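I opened this model to look up some side chains, ring pairs and packing. My entries follow in the order I made them.

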Amino acid sequence: MEAHFYNVDIKWKNGRTGEMTSPELTTAVEIATPPQFPSGVEGIWSPEHLFTAAVASCLMTTFLAIAENSKLEFSDFTCKSSGKLDRTDGKFLMTEVILETTVVITHEEDRTKAERVLQKSEANCLISNSVNSKITMVPNIVIGQ
């Protein structure tokens, strides 16, 4: 497979806010300094949120591909994620992302397969494999409809 490029354009709007667009996408995302920092803005996506979202969304898309290839029958996938920003050696770093996944399967006999698919997804998530942050997955598999 050859290399792929994903293009993102950032334009400052005012204060501590800007707008993120991509020539490959149809929607823009407003971005800002998070409220924990001086002049930060509440209620707007921050780089820290986007970092956390990148890890969580990559886990989901990796799970979907592996589940399809493994023929895992499931009715729902959710992932609550929490990114930890901490100061290390005088620098702010995203030191950890905790991923609380829930996979809903229909049949108890698919539990082991679902666990394996989640483990493979965690191991093969290209974003998680590209960052230095500790990635912790807390899997939950439930029986449902």
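**Notebook: contacts, rings and core**

I began with S22 and found its side chain joined to that of E24 by a polar contact of 2.8 Å. A polar contact here is a pair of N or O atoms within 3.5 Å; within protein, one must be able to donate a hydrogen and the other to accept it, and residues adjacent in sequence count only if both atoms are side-chain atoms.

The model is predicted: local features need pLDDT of at least 70, side-chain atom pairs count only at pLDDT 80 or more, and totals for chains, interfaces and linings use all residues. Numbering runs from 1 along each chain as its sequence is written, and side-chain values use heavy atoms, with hydrogens and water left out.

I placed S22 in the loop between β2 (17-21) and β3. Helices (H or I, at least four residues) and strands (E, at least two) are DSSP runs, numbered from the N terminus. S22 counts as buried because its relative accessibility is 9%. The cut-offs are under 20% relative accessible area for buried, over 50% for exposed and in between for partly exposed (1.4 Å probe, protein chains only).

**S121**

Next I looked up S121, in helix α2 (residues 111-124). Is S121 buried or exposed? S121 has a relative accessible area of 0%, so I logged it as buried. A polar atom of its side chain lies 2.7 Å from the backbone oxygen of V117. I then listed its contacts (heavy atoms within 4.5 Å). Leaving aside neighbours within four places in sequence, S121 is in contact with L59, T62, F63 and I66.

**Aromatic pairs**

I counted 3 aromatic pairs in the structure. Rings of Phe, Tyr and Trp (its six-membered ring) pair if their centres lie within 6.5 Å; planes under 30 degrees apart count as stacked, over 60 as edge-to-face and the rest as tilted.

F37 and F92 are edge-to-face, because their ring centres are 5.3 Å apart and their planes stand at 80 degrees. F37 is in the loop between β3 (29-32) and α1 (47-70) and F92 is in strand β5 (residues 91-105), so this pair ties together parts 55 residues apart in sequence. F37 is partly exposed at 24% relative accessible area. F92 is partly exposed too, at 44%.

I read F63 and F77 as a stacked pair, 4.8 Å centre to centre with 25 degrees between the planes. F63 sits in helix α1 and F77 in strand β4 (residues 74-88), so the pair ties together parts that are 14 residues apart in sequence. F63 is buried at 0%, and F77 is buried at 12%. Ring pairs link F63, F74 and F77 into a cluster.

**Nonpolar core**

Which residues have the most contacts inside the largest nonpolar core? I noted F63, L72, L99, V103 and L118, in a core of 18 residues. Such a core is a set of buried Ala, Val, Leu, Ile, Met, Phe, Trp, Tyr and Cys residues joined through side-chain atoms within 4.5 Å. α1, β5, α2 and β6 (134-143) each supply at least two residues of this core. α1 gives the most, with 6 residues.

I checked L72 separately. Not counting residues up to four places away in sequence, L72 touches F63, A67, I105, D110, K113, A114 and V117.

**Cysteines**

I found 0 disulfides (pairs of cysteine sulfur atoms within 2.5 Å). C58 is buried, with a relative accessible area of 7%. C125 is buried at 0%.
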